[in-house]
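Here are my notes for a first look through this model. Please keep the viewer open as you go.

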Amino acid sequence: MGGWVGKIARINLSTGKISVEDLPQKTAVDYLGGRGLGARILYDEVGPSVEPYSPDNLLIFTTGPLTGTKAPSSSRFSVTTKSPLTGTILDSNCGGKAGLRLKDAGYDALIISGKAAKPVCIIVDEKGIKIQDAGQLWGKDVNETTDILLGQAANPLTASVACIGPAGENLVRFAAVINDKSKAVGRGGVGAVMGSKNLKAVVTSGESKQIAADQETLDFIVYEARKVIKQSPITSIGLPTYGTSALVRVMDMMGAFPSYNFTESIFEHLNDISGEMLREKLFIKQKACWGCPIGCKRETKTANGTGEGPEYESLWALGPECGIHDLEAIADANYLCNRLGLDTISTGVTIGCAMELEKRGIADEGVRFGDAKSMLKAVGDIAYRRNHGDALAEGSRRMAEKHGAKEFAMQAKSMEFPAYEPRAMGVQGLSFATSNRGGCHLRGNMLGPEMLGVPKIVDHSGATGTVGLLIYHQHISAAFDSLGVCKFAGFAVSDELLARMMTAITGIEFVPQNLHHAGERIWNLERLYNLREGFTSKDDTLPKRLMEEPLKDGPAKGRVVKLAPQLEEYYRYRGWDANGVPKKEKLKQLGLEA
Amino acid sequence: MSMLEEFQRIGRDLFLSGLVSSHGGNMSVRMGDRVLITHRGSQLGQITEEDVVETGLFDNDSGIMLASSETPVHRTIYMQTSGLAIVHAHPKVAVALSLFEDEIIPIDNEGSYLLHKVPVIASEIASGTAMAGIVAESLQKYKITMVRGHGCFAIGQVLEEAYQWVSCLEESALVIYYSRTLGGQMKEFRKNADQYKKW
């Protein structure tokens, strides 16, 4: 099978047993890879009785059929597990090289189970897989860990390190796995699950040897795909010049840029933290993930050091969400999150929530709106669960609940929201409420059609018709995550081009509808997983603030999210019953019947 | 903008740009298991609230009495593709070309870039289930397809996107027509020109 290697490795850290099995072709075609493959495995093997930190929970590294191929922006890999933050099915993905090196080593996926008796790391290369002592690495940050392990690799140029920092070791519920020092498998606590298994790092090495079924056609389609990337001002100018922080001004202009824990929808200090200011003050050079012609990454510097970022979400979460406009402090906090292995979004939004509780006199977790110093201290304390950091390390929902103030946690299913004010958008709130991994923008982002006009600008006041569009985007997002392609490429590269690349690489004919259908299958399987875990339609909700408190100013002044009618329409469009349960006919259509 | 306004905006543009005659063409939008479609015999340039009717996607209801005669084609397309909107129009030059070609391969920059190739399929009956099947099958691979001597069907996430493919096709067809009229040897500017036929 071109695209897929056809092999999955199982590693039991409790017993040390390692085995290799075939990836069934039907599973590969039905679930594509990446997120979809991870969901299928987790659904089959991790039931409701398994706690997220139990040795029986799985940590599944998966690649997609396009990972590491000539397809543009195709270095992505996923990590799937049961989330300690949300209790839902979780996958998170990133654009580091770990995935493509895993494929180069000869595996589509690693299924890691059990718990090592002492800290270990897993070494995967073309010769095989071994479990190695990592006692000397435990306690070290991401940069130190990565440097040491790369130094031990036979060829550091073809090796990649995905590891946890102190946050993962200390079971911070939103700890990340960091690949290549700066690419975060960020959301939902994959790093905490890795820490619970005493697994410090996964090192993957291999020489690229991927082949396509029809190389000539692939070259043509890749050429065409790169052409559309070059022609789109989003992917050829905006993202390369300003990185994702190009969105700061755009979102603020639309009144969709939340600040002060979503009590405001615009930010008074916007000019201090805009993409333009970031470029002027901190920019060193543009960077790109492997094989990406867009290059939205950037190396930056502050008085205290250098690093990658901050991305739009990180800049917002550690900045305006906390009422902070000190760009250097925001960048420093971002570097720190990367070194300690923290998800920047959940870190910032949890701190922002604590700041609001302090302002309201409900609780004092040692942080104040606008106080960059307290925010920076909190980041470190969270990773080590020191002082107030121990409460914050539980995430915004649990922390606020402890103080009887859950409504001030800006989250859905316990996952903290990203930098999109749902009241200023049509169905972004519905997207957060229905996301299978909780409040997240990457499961069906309406940024394209509602804000950037991709493919065309649509009404973002929540008018009829956009619910269907959200579902469309939820499905194609699942496909992107499963193929191993970055969604930013999707601002230019169509589902048609993706399907044609899949055909040329795998030799199996794919049409766009196959990708949407796979996306729908994955979405429904994830839904079934969450229902089996005890989630119900009552969990498809948002904080009261977003549904009851009209925006005070900005272009979207006066608006709230009218979730109930949208949700009703959403369930019907999906072929689910009024309780949000997929109907038998829908499951049959998707091949998911029991 | 409401959905009605969207129908009105695209319908007016289709008519004014000559892509449909006074009562030709139709449009629809998928809303889950429902379809909003233009009324049978409506004037796309003059759409009113009564001209957009709702019917079932999978099941019939009384709305079918009012819906476009090509509703079965729209339904089949929705069931077999990821499209959320359909525009059916009668672009004159593309229709003329379809009488001579099995596929329309744009030679202009925009058409090459956006469409690459538009297949031409044949069906004498405009609204039959046989045509529905082959149109839908074609639209699984292509965002727009021509029915020989009849017109085109285009899909998109929204009506405006489908309309863009129709407009782009007609412009490409016009450029092909002009180029053939001019005669002579065309100077190729596309790196992979020979590959478009394989699209």
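1. Ground rules. This is a predicted model, where local features need pLDDT of at least 70, side-chain atom pairs count only at pLDDT 80 or more, and totals for chains, interfaces and linings use all residues. Residues are numbered from 1 along each chain as its sequence is written, chains are lettered from A and ligands numbered from 1 in the order in which they are written, and side-chain values use heavy atoms, with hydrogens and water left out.

2. The second largest pocket. Its volume is about 770 Å³. Here a pocket is an open set of points on a 1 Å grid over the protein atoms alone, where a 1.4 Å probe fits, with protein on both sides within 12 Å along at least five of seven lines; lining residues have an atom within 4 Å of a point. The volume is the space filled by probe spheres set on the points, which are joined across faces, edges and corners.

3. Who lines that pocket? There are 31 lining residues, and the closest to the centre are Glu520(A), Tyr573(A), Lys586(A), Arg30(B) and Phe58(B). Helices supplying at least two lining residues each include helix 22 (512-532) of chain A and helix 2 (71-80) of chain B. Helices (H or I, at least four residues) and strands (E, at least two) are DSSP runs, numbered from the N terminus.

4. An open sheet in chain A. Three strands line up as 13-14-15, with antiparallel pairing; two strands pair if DSSP finds at least two bridges between them. Strand 13 (283-287) and strand 15 (305-308) of chain A are the edges, each pairing on one side only. Between strand 13 and strand 14 (residues 297-302) of chain A there are 4 bridges, and Gln286(A) sits opposite Arg298(A).

5. Strand 12 of chain A. This strand (residues 199-205) has 7 of its 7 residues buried, meaning under 20% relative accessible area with a 1.4 Å probe, protein chains only. Strand 7 (residues 120-125) of chain A joins strand 12 in parallel through 5 bridges, with Cys121(A) partnering Ala201(A). Strand 9 (residues 159-163) of chain A also has 5 bridges to strand 12, but runs antiparallel; there, Ser160(A) faces Thr204(A).

6. Leu169(B): buried or exposed? Leu169(B) lies in helix 6 (residues 159-182) of chain B and is buried, because its relative accessible area is 0%. Among the residues Leu169(B) touches are Ala94(B), Ile104(B) and Met146(B), leaving out residues up to four places away in sequence; contact means heavy atoms within 4.5 Å.

Conventions:
Buried means under 20% relative accessible area, exposed over 50%, partly exposed in between (1.4 Å probe, protein chains only).
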